[in-house]
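Subject: Structure handover

Hello,

Here is the structure for you to take over. My notes on what was found in it follow below.

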Amino acid sequence: MNKNSVRCLVLMLLAGFSASCQKDKFNNQPLTETDPGIFAPKPFDIADIKDTYGNIQSYAFTGQWGPYNLHDPSIIKDGDWYYCFSTDVAYGQSIKPGIMVRRSRNLVEWEFRGWAYDGLPKQAVNYITGVKSDYKPNEGVWAPYILKVGNEFRLYYAVASNGFRVSAIGLLTSTSLDGPWLEKGLAVQSKTEGPGTNAIDPSVVITPEGQHYLYYGSAWDGLFVVKLDPATGLPLQKGDLGTLIVRRGKTNGVYNGNLEAPEIIYNADQKKYFLFVSYDWINTKYNVRVFRSDAPTGPFVDWNGERADVAADHVDQIVLGPYAFKDHAGWQGTAHCSVFKDEKGSYFMATQGRPAVDPLFMVMHVRRMFWSDNGWPMVSPERYAAVAQTPITKAEIVGEYEQIIHGYVRVPGYAETQTDPNINHAVEVNPILQADGTIFGDVANTWAFDPQTNSLELRWAGGAFIDKYKVSRERDWERGVKSTLVMTGYNGSGLGIWLKKVK
């Protein structure tokens, strides 16, 4: 037997052994430790986090999947750990269905835990095949959403049929984030020929009064909200599809792209509900926009006060979209977010990120989230890396920057016109902030920094136009620099703007 034959045999044996190990982890037993496959995790080094991971894409390397193969995250903090549940995905290979699970103590180093459930939940499968015998469920479990009610963890999930003809959102429960998880029923079921929308992408909010609401939807005719029974986590009225709360604009009778993935939070400081929504295709121009309301059922409005349930695209306020700083090809598919906060009250947003060099790879992105003076959320230009937030001085603000403006190319059409990732590329704006307090040395344009709140104002044309930012320290991922200043904010019309100090 020659060396090539030996090598092939070894690889075959490893693949078979790994598959056997993975199978043994199923059967809905509690997770007790990471299943590393054959190749265990390496000592963590943040510099080892790459844009692509083709060298460890095999299931034999699940122990090294940490931030990789991540799509549709839902994150919860319990004790010392953040747990992330996500859609079953795998670059370049068949999918193992069951809801992926990983955890982290610091939101930077992630430990892949395996799968929360053995295959597709039977109640959703039975619904799909019961509608029509030739309807088959897709391979993976999609868009899980995790929350805790009392001592019970509730894990919502979605399963769709081939061609999205029918879909179902179901509920799993457990007393531990490590499982085991038990099926407790179906929350929403949909058919394309009936009322309502595609029953995937669940998210839940609990009001201060203790009411529970489920938000869901993808494509078709919009996003919906359904009132739940707090005791069961299922709709108060069986079969209730809810109320339409978000719509997408049309051109010549055709939707201007995809609309999905509602993520709802209640901000107690503002006493408002914030609804984050994802637009367009998952691996191209996928982007996050946001609406807010005084009530969980709406009406939700955008920055300009336009209601979300009118046929419009709300393109002026993008919280996070495809982007590229210098020295990097860029990231696209940056949506379907999870918004959560830590014990100190700091907010974060997690999404997938797809590298422009190969958008079939999916990498976890976590960003710090801030609030503007007028109460709108905004996220850091750079991924979270646990950089120490030491005091920032006015002198440090002076310097040269790269700027990204989150514009959007309004392209009508639902399918072929969505293939452009619409990446917003950085431009150098140097020397923008000068020591004398001017912008570009023009006395009509000035800047001011408040080190107590880390707030920066850029005043243009004598203050006729004002851009407001929050300043923080983050890792410069593109240049491999451990810490630099970054700024996130909006101009007066709600257009998102990022700045990163490079000199």
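I begin with Ser 380, which touches Arg 367, Arg 368, Phe 370, Glu 474, Val 486, Thr 488 and Trp 498, not counting residues up to four places away in sequence. Please keep in mind that the model is predicted. Ser 380 sits in the loop between β24 (377-379) and α3 (394-397). With a relative accessibility of 0%, Ser 380 is buried. The side chain of Ser 380 also reaches the backbone oxygen of Glu 382 at 3.1 Å.

Glu 382 leads on to the charged residues. Together with Asp 476, Glu 478, Arg 479 and Lys 500, Glu 382 is part of a network of salt bridges. Asp 476 is buried at 0% relative accessible area, while Arg 479 is partly exposed at 34%.

The count of salt bridges comes to 20. Another of them joins Asp 294 to Lys 272, at 2.6 Å from N to O. This pair links distant parts of the chain, 22 residues apart: Asp 294 is in the loop between β17 (287-293) and β18 (318-320), and Lys 272 is in strand β16 (residues 272-279). Asp 294 counts as exposed at 57% relative accessibility, and Lys 272 as partly exposed at 22%. Arg 459 and Glu 457 also form a salt bridge, with 3.1 Å between the closest N and O atoms. Arg 459 is partly exposed at 31% relative accessibility, and Glu 457 is partly exposed at 21%.

Asp 201 is a charged residue without such a partner. It is buried and has no salt bridge, and the nearest side chain of opposite charge, that of Arg 354, is 12 Å away. What does the side chain of Asp 201 reach at 3.1 Å? It is the backbone nitrogen of Ala 261. Asp 201 lies in the loop between β8 (182-191) and β9 (203-206). Beyond four places in sequence, its contacts include Tyr 215, Tyr 216, Glu 260, Ala 261 and His 336.

Met 349, in strand β22 (residues 347-355), is buried at 1% relative accessibility. Its contacts beyond four places in sequence include Phe 276, Val 288, Cys 337, Arg 367 and Val 379.

Cys 337 itself is buried at 3% relative accessibility, and Cys 84 is buried at 0%. The structure has zero disulfides.

In helix α2 (residues 122-131), the buried residues are Ala 124, Val 125, Tyr 127 and Ile 128. They lie on the same side of α2, because they cover an arc of only 160° around the axis. Lys 122, Asn 126 and Gly 130 are exposed on the other side of α2. Among the elements that cover the buried residues of α2 are β6 (152-160), β7 (166-174) and β8.

For the chain overall, the secondary structure comes to three helices and 33 strands. Of its 503 residues, 56% count as buried. Of the contacts between residues at least 6 apart in sequence, 55% join residues at least 24 apart.

Regards

Definitions and conventions:
Residues numbered from 1 in each chain as written. Predicted model: local features only at pLDDT ≥ 70, side-chain atom pairs only at ≥ 80, totals over all residues. Heavy atoms only, no water. Helix = DSSP H or I, 4+ residues; strand = E, 2+ residues; numbered from the N terminus. Buried < 20%, exposed > 50% of the residue type's maximum accessible area, 1.4 Å probe, protein only. Lys, Arg positive; Asp, Glu negative; His and termini not counted. Salt bridge = Lys/Arg side-chain N within 4 Å of Asp/Glu carboxyl O. Polar contact = N/O pair within 3.5 Å; in protein donor to acceptor, adjacent residues only side chain to side chain. Contact = heavy atoms within 4.5 Å. Arc of directions from axis to C-beta. Disulfide = S-S within 2.5 Å.
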